[in-house]
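Student: I would like to go through this model and ask what the labels rest on.
Tutor: Go ahead; here it is.

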Amino acid sequence: MSLLKQLNLLSGLVRRTLVGSVRPLHQTATLRKVEDRKAMLASLPSKDEGTVGERSIDIDSMIDKKTSIFPDANTPTSLINGVPFNEIPICHIRVSPNNTIISITDAKGVPQFIRSCGIEGFKNTRKGTNIAAQATAISISTRAIERGFKTVRVTVRGLGPGRMSAIKGLEMAGLNIVSITDTTPVSWNPPRPRKQRKL
């Protein structure tokens with residue numbers, strides 16, 4: 001056999017073995033991307049809905065036990081951590097679509113702290129976000145804890161994105177919330193609404 005034929009045979013064998021093992025360049029890039037994504041997803045913490053660390057109460061079990069979760073005639077004099085309910089300080093949360101104002105008063109209604117999303121440093125439309133309300137609630141509750149407040153009653157007034165976030169922020173900072181009252185004014189014979197906006 002001539003040298004030329006031997007080289008052709010050898011190159012054909014090499015080609016056949018390489019074709020089976022080597023992938024085109026675009027396939028290796030996509031495989032690498034898939035493997036990188038799998039490794040990245042495996043390294044991420046498990047997905048949660050932001051409820052880690054929250055104190056929650058199973059209301060159904062409380063109803064089965066017949067414990068009192070709704071106010072009654074004895075509520076103002078009932079003791080919570082050795083303090084009568086009507087002597088616990090109140091945290092007023094005033095929510096609007098554009099801002100959230102949080103104030104902590106003593107049991108008689110004398111204001112101790114007042115913070116709003118604007119005071120906290122949020123400007124313009126960011127004042128009306130739930131993140132701004134939560135940050136404001138954390139800020140005011142840390143100041144309240146420094147002053148010695150541990151347990152509060154919460155009253156929420158108004159509608160806006162900061163309603164639940166403000167309560168969550170108070171709890172995240174370490175305040176013990178005893179009751180939540182909604183004092184949003186409701187008009188039973190409201191004035192006629194504005195005509196629909198034409199876009």
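Student: How many of the 199 residues of the protein count as buried, in percent?
Tutor: Of the 199 residues, 22% count as buried, that is, they have under 20% relative accessible area, where over 50% is exposed and anything in between is partly exposed (1.4 Å probe, protein chains only). The model is predicted: local features need pLDDT of at least 70, side-chain atom pairs count only at pLDDT 80 or more, and totals for chains, interfaces and linings use all residues. Residues are numbered from 1 along each chain as its sequence is written, and side-chain values use heavy atoms, with hydrogens and water left out.

Student: Why is Thr 151 called buried?
Tutor: Its relative accessible area is 15%. Buried means under 20%, so Thr 151 is buried.

Student: Where is Thr 151 found, and what is it in contact with beyond its neighbours within four places in sequence?
Tutor: Thr 151 is found in strand S6; strands (E, at least two residues) and helices (H or I, at least four) are DSSP runs, numbered from the N terminus. Leaving those neighbours aside, Thr 151 is in contact (heavy atoms within 4.5 Å) with Asn 81, Ile 88, Pro 89, Asn 176 and Val 178.

Student: Which residues of helix H6 are buried, and what do they pack against?
Tutor: In H6, residues 163–172, the buried ones are Ser 165, Ala 166, Ile 167, Gly 169 and Leu 170. They pack against strands S3, S4, S6 and S7 and against helix H5.

Student: What follows H6?
Tutor: Gly 174 follows H6, with a positive phi near 115°.
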